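Please view the structure below first.

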Amino acid sequence: GTLVVKIARGEIPVMLDGKLNAVDVQDVAQGQIAAMKLGKIGRRYILGGHNTTTAQVIHEICRLAGVRAPLIRVPISLALSLCSLDEFLSHRFHKNPKLPILGVRFVQYGQHLSIAKAQNELGYQPHDMADCYQKAIGWFRKIGYC
């Protein structure tokens with residue numbers, strides 16, 4: 001399942017520290033439409049959202065889902081080792097890994113982005129992520145995922 005589902009179910013036992021840029025996919029779609037209509041030929045626009053941290057995202061999703069946030073923070077190096085072992089065992093026993101190593105690598109290298117050009121030239125304004133998380137949790141609950 002998705003990370004939002006795993007967090008909302010309380011299945012994420014630990015937290016990693018990392019930077020990320022969170023955005024609602026609907027905002028990206030609207031930004032693409034705006035870029036087609038208003039964008040300048042040859043220009044590139046970053047259709048990101050809000051610079052945040054993995055800890056802030058996990059705490060917010062847990063708060064909205066009504067579950068307790070993980071208390072333990074794990075260093076990236078330990079998480080990479082644990083994920084490698086988990087992926088090996090998952091492959092061996094034909095199961096899906098709890099957290100694929102790619103997810104940890106994403107957190108390890110993190111990203112904070114500037115969306116200023118998209119805001120100035122396209123009028124791009126991403127919505128508050130709490131609304132996005134709330135919609136996602138509601139939808140996943142409606143279809144029985146969490």
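## Aromatic cluster

Phe 140 is buried, at a relative accessible area of 12%. Tyr 145 is partly exposed, at 41%. Buried means under 20% relative accessible area, exposed over 50%, and partly exposed in between (1.4 Å probe, protein chains only).

Phe 140 and Tyr 145 make a stacked pair, 6.0 Å centre to centre with 25 degrees between the planes. Trp 139 and Phe 140 pair edge-to-face, at 5.2 Å and 65 degrees. Rings of Phe, Tyr and Trp (its six-membered ring) pair if their centres lie within 6.5 Å; planes under 30 degrees apart count as stacked, over 60 as edge-to-face and the rest as tilted. Ring pairs join Trp 139, Phe 140 and Tyr 145 in a cluster.

## Basis of the model

The model is predicted: local features need pLDDT of at least 70, side-chain atom pairs count only at pLDDT 80 or more, and totals for chains, interfaces and linings use all residues. Residues are numbered from 1 along each chain as its sequence is written, and side-chain values use heavy atoms, with hydrogens and water left out.

## Nonpolar cores

The largest nonpolar core has 23 residues. Such a core is a set of buried Ala, Val, Leu, Ile, Met, Phe, Trp, Tyr and Cys residues joined through side-chain atoms within 4.5 Å. Val 4, Ile 7, Ile 61, Tyr 133 and Ile 137 have the most contacts inside this core. A second, separate core has eight residues, including Leu 16 and Val 107.

Beyond its neighbours within four places in sequence, Val 4 is in contact (heavy atoms within 4.5 Å) with Ile 61, Ala 136, Ile 137 and Phe 140.
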